[in-house]
Amino acid sequence: MKPSHPIFANRPCVIGALHLPDLGVARATSVAWLEDYVLANARIFAEAGFPALMLQDQTRTPGTAETSTVALVSALGRLLRREFPAMRLGIIVQAHDAEAPLAIARATGADFVRLKVFVAAAMTAEGPRPALSASARTYRHAIHADGVAIFADVFDRTSIPMVDMPPERAAMWAQSVGADALVLTGSTFADSLDRIAKARAEGVKVPIVLGGSVTEANVGEALASADAAIVSTALMRKGAGEGDLVRWDADLARRLIERAHAAKGR
């Protein structure tokens, strides 16, 4: 088993998720506004002390990512890399695409990508999605991006598995075909903890990231079970809308990181 990615050397390892607007329904959004948006919100995570940030494209397509999406997310990712060099950067695209996030990561100098369907197959709101593992590993090597870690979801809760298999066995599959870390997210926080425990008992050795329902109240418990946690929704400003420039709350972000450090100290 190869060593875990350096991102997991950060303790506590809390990854913020910065969601872009769905550009499929917001084509008129200017690049200048998007630049201001990502900088303003990334600064909230950076000043709160988050060691890592994941830039999440929300544009839905029936197939792979559009060329315009790849170009725009690359430009925004490079901007983040330049302005916040101390934060690790991750990339996720909503399209079912093994190559686009890796190409963006290669162009931006990002540390990791997140792929929602890495092994088996899943039914999503957009239709069935096959596994991306083989094409992702092949493409990553082809573009000389082997240093970009693949964070692989295992039966993400926004989809329905198309195979009759317990999540912990699918987790072993993902590990065996090259995932650098697994993202486990149950239907509830308690279900997530249960999935993590079962995956470890099954024999998963790669780092595990808890992918959802993390809050200020439970971040300590999350990090006692997982190697890292992704958080976003719990930190959004109350009443913030899709068109608001600042969508995350600086005070909530700071308090969550303080709670994570306090839990680590115990």
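**Figure 1. Pro-12 in the segment before strand 1.** In this predicted model, Pro-12 is placed in the segment that precedes strand 1, which covers residues 14-19. The peptide bond that joins Arg-11 to Pro-12 is cis, with an omega of about 0°. Most peptide bonds are trans, and most residues other than glycine have a negative phi.

Figure 2. Although Ala-120 is a residue other than glycine, its phi is positive, with a value near 65°. Ala-120 counts as buried, because its relative accessibility is 17% and the cut-off for a buried residue is under 20%.

**Figure 3. Ser-213 and Asn-218 in the loop between strand 10 and helix 7.** Ser-213 is found in the loop that runs between strand 10 (208-210) and helix 7 (219-225), and Asn-218 lies in the loop between strand 10 and helix 7 as well. Ser-213 is not a glycine, yet it has a positive phi of about 65°. With a relative accessible area of 32%, Ser-213 is partly exposed, whereas Asn-218, at 12% relative accessibility, counts as buried. When residues up to four places away in sequence are not counted, Asn-218 touches Phe-189 and Ser-213.

**Figure 4. The salt bridge between Arg-81 and Asp-111.** The structure holds 16 salt bridges, and one of them is formed where the side chains of Arg-81 and Asp-111 meet, at 3.5 Å from N to O. Arg-81 belongs to helix 2 (residues 67-83), while Asp-111 sits in the loop between helix 3 (99-108) and strand 4 (112-115), so the pair ties together parts that are 30 residues apart in sequence. Both partners, Arg-81 and Asp-111, are buried.

**Figure 5. The salt bridge between Arg-114 and Asp-153.** Here Arg-114 pairs with Asp-153 in a salt bridge in which the closest N and O atoms are 2.7 Å apart. Arg-114 is part of strand 4 and Asp-153 is part of strand 7 (residues 149-153), and the pair, 39 residues apart, links distant parts of the chain. Arg-114 and Asp-153 are both buried.

**Figure 6. The salt bridge between Asp-194 and Lys-198 within helix 6.** The side chains of Asp-194 and Lys-198 meet in a salt bridge with an N to O distance of 3.2 Å. Because the two residues are four residues apart in helix 6 (residues 189-202), about one helical turn separates Asp-194 from Lys-198. Asp-194 counts as partly exposed at 34% relative accessibility, and Lys-198 is likewise partly exposed, with a relative accessible area of 39%.

**Figure 7. A network of salt bridges.** This view shows Glu-216, Asp-251, Arg-254, Arg-255, Glu-258 and Arg-259, which are linked to one another in a network of salt bridges.

**Figure 8. The packing of helix 3 and helix 4.** Helix 3 packs with helix 4 (residues 133-142) at an angle of about 25°, and their axes are 9 Å apart. Angles under 35 degrees count as roughly parallel, and helix 3 is therefore roughly parallel to helix 4. The crossing of these two helices, helix 3 and helix 4, is right-handed. On the side of helix 3 the contact involves Glu-99, Leu-102 and Ala-103, which meet Ala-136, Tyr-139 and Arg-140 of helix 4. The residues of this contact between helix 3 and helix 4 comprise four nonpolar and two charged, with no polar ones.

**Figure 9. The crossing of helix 5 and helix 6.** Helix 5 (residues 167-176) and helix 6 cross at roughly 55°, their axes coming within 8 Å. Helix 5 and helix 6 are therefore oblique to each other, and helix 5 passes helix 6 in a crossing that is right-handed. Helix 5 contributes Pro-167, Glu-168, Ala-171 and Met-172 to the contact, and helix 6 contributes Arg-195, Lys-198, Ala-199 and Glu-202. The residues in the contact of helix 5 with helix 6 divide into four nonpolar and four charged, with no polar ones. Lys-198, one of the contact residues of helix 6, is also the partner of Asp-194 in a salt bridge.

Note on methods: Residues are numbered from 1 along each chain as its sequence is written. This is a predicted model: local features need pLDDT of at least 70, side-chain atom pairs count only at pLDDT 80 or more; totals for chains, interfaces and linings use all residues. Side-chain values use heavy atoms; hydrogens and water are left out. A salt bridge is a side-chain nitrogen of Lys or Arg within 4 Å of a carboxyl oxygen of Asp or Glu. Buried means under 20% relative accessible area, exposed over 50%, partly exposed in between (1.4 Å probe, protein chains only). Axes are lines fitted to C-alpha atoms, for helices over the stretch in contact, and angles run from 0 to 180 degrees between N-to-C directions. Angles under 35 degrees count as roughly parallel, over 145 as roughly antiparallel, 65 to 115 as roughly perpendicular and the rest as oblique. A crossing is left-handed if the near helix is turned anticlockwise from the far one by less than a right angle, and right-handed if clockwise. Contact means heavy atoms within 4.5 Å. Ala, Val, Leu, Ile, Met, Phe, Trp, Tyr, Cys and Pro count as nonpolar, Asp, Glu, Lys and Arg as charged, and the others, Gly among them, as polar.
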